[in-house]
Every structure is written in structure tokens, then in C-alpha cells.
Amino acid sequence: MAEGTIKRVTDKGYGFINTGREKDLFFHSSSLQGVTFEELREGQRVSFTEGRGQKGPCAENVKLI
């Protein structure tokens with residue numbers, strides 16, 4: 001699993017993960033594992049698998065480290 005840092009969370013149920021690469025990775029609240037969207041804060045470390053969404057790459061199986 002890859003790791004990154006929560007860069008931004010929105011009030012609309014999605015956010016972005018800083019992966020250390022050029023572009024941040026989108027994630028949706030439905031891709032969270034073992035944590036609720038309300039528990040996420042910017043700067044938290046997460047692990048995830050990279051998947052493919054309708055609009056491009058996205059994070060799936062997002063878990064707090």
C-alpha cells in the first residue's frame with residue numbers, strides 16, 4: 001500500500017492526499033476503511049491503494065496510519 005498525507009478535506013465528502021508526487025490524489029468518503037470522514041484532519045498520515053475513478057486516478061481503501 002502507498003502512503004501519503006491528507007492535504008485537504010471538504011465539507012462535501014471528499015478530499016485530496018499529498019502523495020509526494022506532482023499531483024494530489026482525490027479520495028471520496030466511500031473509500032475510507034476503519035475511519036469516518038468526520039475524523040479526518042489535514043496533515044494526518046494515511047495508507048491507500050491507487051485506483052481509477054471516472055475522472056482519473058483516485059485513492060481507494062484509505063486508512064489512517
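Is Arg-45 buried, partly exposed or exposed, and what is its relative accessible area? Arg-45 is partly exposed, at 39%. The close-ups below come from a predicted model.

**View 1. Arg-45 and Glu-3 form a salt bridge.** The closest N and O atoms of this pair are 3.2 Å apart. Arg-45 sits in strand 4, and Glu-3 sits in strand 1, which covers residues 2-9. Glu-3 is partly exposed, with a relative accessibility of 46%. Arg-45 has the value 39%. Buried would require under 20% and exposed over 50%, so both residues fall in between.

**View 2. Ser-47 is a buried residue of strand 4.** Strand 4 runs over residues 45-53. The relative accessibility of Ser-47 is 11%. The cut-off for buried is under 20%, so Ser-47 counts as buried. What does Ser-47 contact, leaving aside its neighbours within four places in sequence? Its partners are Met-1, Ala-2, Glu-3, Asn-61, Val-62, Lys-63 and Ile-65. Look for Glu-3 in this list. Glu-3 is also the salt-bridge partner of Arg-45.

**View 3. Lys-7 and Asp-24 meet through their side chains.** They form a salt bridge, with an N to O distance of 2.9 Å. Lys-7 belongs to strand 1. Asp-24 lies in the loop between strand 2 (14-18) and strand 3 (25-28). The pair links distant parts of the chain, 17 residues apart. Are these two residues buried, partly exposed or exposed? Lys-7 is partly exposed, at 48% relative accessibility. Asp-24 is partly exposed too, with a relative accessible area of 30%.

**View 4. Arg-21 forms a salt bridge with Glu-50.** Their closest N and O atoms are 3.0 Å apart. Where do the two partners lie? Arg-21 is in the loop between strand 2 and strand 3. Glu-50 is in strand 4. This pair, too, links distant parts of the chain, and its members are 29 residues apart. Arg-21 has a relative accessible area of 49%, so it is partly exposed. Glu-50 is partly exposed as well, at 43%.

**View 5. The salt bridges are seen together.** How many salt bridges does the structure hold? It holds three. One joins Arg-45 to Glu-3. Another joins Lys-7 to Asp-24. A further one joins Arg-21 to Glu-50.

Conventions:
Residues are numbered from 1 along each chain as its sequence is written. This is a predicted model: local features need pLDDT of at least 70, side-chain atom pairs count only at pLDDT 80 or more; totals for chains, interfaces and linings use all residues. Side-chain values use heavy atoms; hydrogens and water are left out. Helices (H or I, at least four residues) and strands (E, at least two) are DSSP runs, numbered from the N terminus. Buried means under 20% relative accessible area, exposed over 50%, partly exposed in between (1.4 Å probe, protein chains only). Contact means heavy atoms within 4.5 Å. A salt bridge is a side-chain nitrogen of Lys or Arg within 4 Å of a carboxyl oxygen of Asp or Glu.
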